[in-house]
Amino acid sequence: MPPTQAESVIKNIIREIGQECSAHGEIASETVVAFMVKAVVLDPGNGFNMDRTLIKSDVKKLVKLCVARLLDSKNPSLDTIKMQVYFDMNYTSREDFLEEHHRVLEFRLGSVSREITDNRACAREELESLYRKIVSYVLLRSGLGSPTDIKVVREATAALQSVFPQAELGTFLTLGKKDKECQLKELTMIVTGIRLFNRDCGRGGEGIDDLPAILQEAIPGTTQHIESQLQIAQEQAFRYTAILEKVTKNTPMSKELEPHMLKEALYNIRQYEIFLQIVLSDIITCAQEVEMMIKQLAAQLEQLKMTVKSKTAVPTSQVFPIFIALASLWVSFQDETVLISVLSNLTTNLELFLGTHELLFPEKVIKDLLDGATVKTDLCRIKEHMEERVQLADFRKLEWLFPETTANFDKLLIQYRGFCGYTFAATDGLLLPGNPTIGILKYKENYYTFNTRDAAYSFAENPEHYIDLIKEKAKKNAELIQLLELHQQFETLIPYSQMRDVDKHYIKPITKCENITQTDTHILPPTTVRSYEWNEWELRRKAIKLANLRQKITHSVQTDLSHMRRENSSQVYPLKDASTQSIKEGSSRVPRPQIYIAGLRGGQSKTTHGVKVNLTRAADET
């Protein structure tokens with residue numbers, strides 16, 4: 001069947017079911033009817049084949065089954081589905097709500113803004129009318145008083161004239177549309193800041209509610225109410241759980257009591273508890289934001305008083321930014337007020353889906369069923385098995401996570417919203433909280449907790465078997481798809497309230513352990529080419545340098561100061577005695593010189609005359 005034709009058939013079925021319910025006095029929204037159609041088709045007990053085109057008999061059967069379930073006023077499962085649809089249609093995250101709130105405000109002010117920006121006033125009366133429209137725009141956008149209150153209008157007009165006199169309308173009209181819109185927003189912020197400052201000084205503030213005081217009174221009251229409702233819901237869930245545990249162990253009692261109705265009532269109250277926790281978390285965030293903004297408001301007002309003091313004129317560059325900051329804070333107070341109001345109404349309307357508890361299980365019946373049973377809180381159940389721990393040695397192929405070995409242990413998205421999957425599958429739908437300290441099983445990128453170690457071991461033996469059992473149980477009770485966050489198995493039924501948690505599926509556990517590693521400094525020899533140059537001009541410079549060196553001669557010199565700076569060593573052969581021998585011995589003798597000088601002893605004459613006589617023999621005579 002083509003998609004368009006199938007869509008048309010489904011719309012006709014939903015319309016027919018809605019008309020049948022209206023004929024019986026029951027008003028059912030299209031969203032609830034559509035969810036019920038999906039739930040009936042998913043239930044294998046109804047015999048619908050998802051892969052086969054519906055014939056006329058199938059359509060009649062589907063309409064009949066859906067109408068019967070929608071008209072059943074004593075069905076906790078129907079109330080749970082209606083509660084889930086209502087919450088999904090009316091709840092949004094804080095960021096999305098504020099964004100939508102501002103978008104709606106801009107849309108409502110669009111017509112007033114266009115009357116001002118598209119105005120082509122020329123005459124005096126037209127300019128005065130335009131100025132009054134600007135004052136009304138400022139009041140509507142700021143939300144500080146009604147534009148029909150003459151006192152509020154006079155105060156706002158006086159504040160506006162101090163920063164934007166009527167004489168400047170001519171300049172304003174010459175601006176472009178976007179510039180006009182920006183100036184209107186800026187004027188609104190400045191005028192709002194002026195009025196808030198005057199109110200703090202006791203010189204004005206007509207029509208301005210004390211939002212910080214209102215919020216300081218409303219938030220604790222809302223928080224206390226939600227906490228009391230949450231406590232009542234939890235006590236009811238604990239009692240239902242104790243009765244179901246007693247019925248599980250007592251077979252005759254299970255025949256007298258309808259355990260499936262009690263389980264559906266448990267699902268209803270558990271879903272209500274989860275929604276209250278979501279709302280309470282947002283209320284706590286609001287309280288933190290308001291506390292911080294009150295401190296900022298006091299600081300801004302004090303800074304403004306120090307800037308102005310008793311001066312008659314203050315530069316706009318000093319006070320305008322503070323006025324704008326005051327106005328921004330006040331807008332935040334207004335946002336928190338609206339958000340608190342919406343969350344409070346949401347909590348009140350959720351109580352309307354708890355009517356079947358008193359009808360099916362009044363207080364007297366519950367007390368009789370609790371005879372002999374022990375009511376335990378979720379915290380008590382966790383403390384009972386706090387000392388139990390999965391032994392890693394028992395599971396070689398499965399990965400278990402523990403608080404001391406996983407850094408982001410608390411941020412992991414646990415399957416089945418933290419309930420024990422084994423207990424739910426083994427007892428055909430009993431919800432018991434899992435204990436993460438026993439160990440979180442990681443299986444196919446999903447994380448599972450268990451209420452006891454024995455449950456963890458049993459589930460780990462065959463995870464696929466228990467996962468399939470839980471999926472089949474969810475097909476019979478469609479409210480479990482959202483309650484246990486089974487949107488991975490039923491991707492077409494993801495509610496908005498869980499869309500923000502889809503990204504958590506990709507959070508990976510950051511495991512911790514003690515390791516010691518040692519790395520060699522350089523395992524492989526370096527491959528860096530020191531002579532590499534990426535700059536061609538550097539290569540050119542080196543080439544010129546080498547070319548010039550070809551025509552140069554290298555000289556070296558050594559000075560008296562440098563010759564001793566380097567140690568030198570040399571090696572010589574040692575001296576040795578040597579002798580030679582000739583054929584014959586021979587010798588020579590030199591004659592001894594003999595010279596005689598006569599007449600040295602004197603004579604008869606006074607003058608001495610010496611005579612030198614050489615008596616040396618010739619060499620050949622010796």
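**Contacts, rings and burial in a predicted model**

Modeller: Let me start with D378, which touches F238, R270 and P433 once residues up to four places away in sequence are left out, where touching, or contact, requires heavy atoms within 4.5 Å. The model is predicted, so local features need pLDDT of at least 70 and side-chain atom pairs count only at pLDDT 80 or more, whereas totals for chains, interfaces and linings use all residues. Residues are numbered from 1 along each chain as its sequence is written, and side-chain values use heavy atoms, with hydrogens and water left out.

Biologist: Where does D378 lie, and why is D378 called buried?

Modeller: D378 belongs to helix α16, residues 378-384, helices being DSSP runs of H or I of at least four residues and strands runs of E of at least two, numbered from the N terminus. Its relative accessible area is 17%, and buried means under 20%, exposed over 50% and partly exposed in between, with a 1.4 Å probe and protein chains only; D378 is therefore buried.

Biologist: Why does A478 count as buried, and which residues does A478 touch?

Modeller: A478 has 3% relative accessibility and therefore counts as buried; A478 is found in the loop between α19 (463-476) and α20. Not counting residues up to four places away in sequence, A478 touches F35 and A39, while A478 and L42, 436 residues apart in sequence, are 7.9 Å apart in space from C-alpha to C-alpha.

Biologist: Why are α6 and α9 called roughly perpendicular?

Modeller: Helix α6 (residues 124-142) and helix α9 (residues 177-201) pack at an angle of about 70°, with their axes 9 Å apart. Angles of 65 to 115 degrees count as roughly perpendicular, under 35 as roughly parallel, over 145 as roughly antiparallel and the rest as oblique, so α6 and α9 are roughly perpendicular to each other. The residues that meet are I134, Y137, V138, L139, R141 and S142 in α6 and L184, K185, T188, V191, T192 and R195 in α9.

Biologist: How many aromatic pairs are there, and what makes the pair of F395 and W400 tilted?

Modeller: Rings of Phe, Tyr and Trp (its six-membered ring) pair if their centres lie within 6.5 Å, with planes under 30 degrees apart counting as stacked, over 60 as edge-to-face and the rest as tilted. By this rule there are 17 aromatic pairs. The centres of F395 and W400 are 5.3 Å apart and their planes stand at 50°, so the pair is tilted. Y448 and F459 form a tilted pair too, with 5.2 Å centre to centre and 40° between the planes. Because Y448 lies in strand β3 (residues 446-448) and F459 in helix α18 (residues 453-461), that pair ties together parts eleven residues apart in sequence.

Biologist: Which residues do ring pairs link into a cluster?

Modeller: The cluster consists of F395, W400, Y416, Y422, Y448, F450, Y457, F459 and Y466. Among them, F395 and W400 are buried, and both Y448 and F459 are buried.

Key:
Axes are lines fitted to C-alpha atoms, for helices over the stretch in contact, and angles run from 0 to 180 degrees between N-to-C directions.
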